[in-house]
Amino acid sequence: MAAQCAELAARDAELLERRGTTIGPYSPLFYRTPRHFVHGEGVWLTDAFGRTYLDAYNNVPQVGHANPRVAAAVAEQIATHNVHTRYLHEGVVNYAEELLATFSPELDRVYFTNSGSESNDLALRIARHVSGNSGILTTDFSYHGNTLTLAAMTTGLDVSEPFGEHVRRFTIPDLDHAGGRGEPEVLAEALAQVAEAIASLQEAGHGLSAVLVDPSFSTEGLPRLPQGYLEGLAALVHDAGGLVIADEVQSGLGRLGWAWWGHQVTGLVPDLVTMGKPLGNGFPLGGVVTSQAVMDSFSSTNMYFNTFAGTPVASAAGRAVLAEVHERGLVQRAADLGERVRARLAEIEAEHPLVASAKGRGLFFGLELVDADGAPNPELAKAIVERLANEGILISRIGPHDSVLKIRPPLVITAEQLDVVVDTLSRALHEAAPLPVGAGA
Ligand SMILES: Cc1ncc(COP(=O)(O)O)c(C=O)c1O
């Protein structure tokens, strides 16, 4: 057994070496010892050593790894035929109708894409056309994709492109970091910052085309917003002639519970909604949903065509995902299970002095870790992520300081499996950062 493990480890080392000399050493890998998965099923992943991991991190397999229904739908359609969308296909139109039925009635048109980046790039292009302006508002510590346009407004990871002259950044308020200020004060200050950013774009002659935000602000660390913030933000953007783009790549498709889309849960009313990651459960599929008026304005003078987007095979994947979410009641399940986990995380927050706050909703959680002085604690967060992986549980970390543990499992996770995640997390915290004698419960 030991010899077999040594041989497998040697093979992984060789694979890593070959990866470095082809894909390159800059393409990131999770964990000190990269994991090499060879099989998936539901919330489980199995690595090359035969070890199983409970996946409490990945949102692409929203309806479970290797979902049989999605796999069968893709296999059947690809074995039948696959063409681009310049040919009529009933499955594509059925998918468009079924997807749009999950939105409010005003959002009744969809463009298909292959990724979140393409969706956001297209939405920004549409907003620029419709508004006649070029200025963009983006938040601190955000990521919306990898195109040139998006790189020029990336604040959440390193890029060499200069920050766009036509872009202004603003900070999302977090009541967990209010520094003693009351909610109305936090709200007023945050909205004043947005107004200032808009004024700056107008003075520079760019005007405002759009604000692009993730309704849950996941990369930003799942901040706890003051009541009325998103409504106030949207009003300021609309008053300046801009459009509101909700990036649902992470927060969409039932992730936040109660409703299909993050904006429906948080109260943000968007003009454009962008989608990616979970839509095809691993099959590349994304989209931009908007109103007929916006589509008419843009598409009457811009021919949008995208070879691989929304093909019969992609649509078959998308329809199978929607059917799974509907039939298994995953949206409401995310809400119910989420309440249960939130309560448990709140207990951990109360008992452990290095846990500053429990964040998130539905099946998207954060646990913010600090040091003894209350400063962000990325080292502890990293240690916990590694410890959990060694115990067979996948989570990650987010936030401006990488100090917020990120828990975002496939929606098919069960209550018992979530208990295992939270129990293991709690134990790992106590082991990595023991409570002082006499403290805690
Ligand atoms: C919020 C958000 N938007 C957009 C993207 C880009 O999506 P993709 O990698 O599919 O291009 C990501 C990817 O991580 C994301 O998290």
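A polar side-chain atom of Gln-250 lies 2.9 Å from a ligand oxygen atom. Lys-277 also places a polar side-chain atom 3.0 Å from an oxygen atom of the ligand. A polar contact here is a pair of N or O atoms within 3.5 Å. The protein covers 83% of the 390 Å² of accessible area that the ligand has on its own (Shrake-Rupley method, 1.4 Å probe). The model is predicted; local features need pLDDT of at least 70, side-chain atom pairs count only at pLDDT 80 or more, and totals for chains, interfaces and linings use all residues. Residues are numbered from 1 along each chain as its sequence is written, and side-chain values use heavy atoms, without hydrogens and water.

**The shell around the ligand.** Residues around the ligand include Ser-115, Gly-116, Ser-117, Asn-120, Tyr-143 and His-144. The shell divides into two nonpolar, seven polar and two charged residues. Gly counts as polar, and Asp, Glu, Lys and Arg count as charged. Helix α4, residues 116-131, gives the most to this shell, with three residues. Helices are DSSP runs (H or I, at least four residues); strands are E runs of at least two.

**The largest pocket.** The ligand sits in the largest pocket, with more than half of its atoms within 2 Å of the grid points. A pocket is an open set of points on a 1 Å grid, with protein on both sides within 12 Å along at least five of seven lines. About 1,300 Å³ of space lies in this pocket. It has 40 lining residues (an atom within 4 Å of a point); Phe-30, Tyr-57, Leu-157, Arg-397 and Lys-406 are the closest to its centre. Elements giving two or more residues to the lining are α4, α12 (378-390) and β14 (396-398). The lining holds 14 nonpolar, 15 polar and eleven charged residues.

Note on methods. A residue is near a molecule or strand if one of its heavy atoms lies within 4 Å of it. A polar contact is a pair of N or O atoms within 3.5 Å; within protein, one must be able to donate a hydrogen and the other to accept it, and residues adjacent in sequence count only if both atoms are side-chain atoms. On a 1 Å grid over the protein atoms alone, a cavity is a set of points where a 1.4 Å probe fits but cannot get out, and a pocket is an open set with protein on both sides within 12 Å along at least five of seven lines; lining residues have an atom within 4 Å of a point. Grid points are joined across faces, edges and corners, and a volume is the space filled by probe spheres set on the points.
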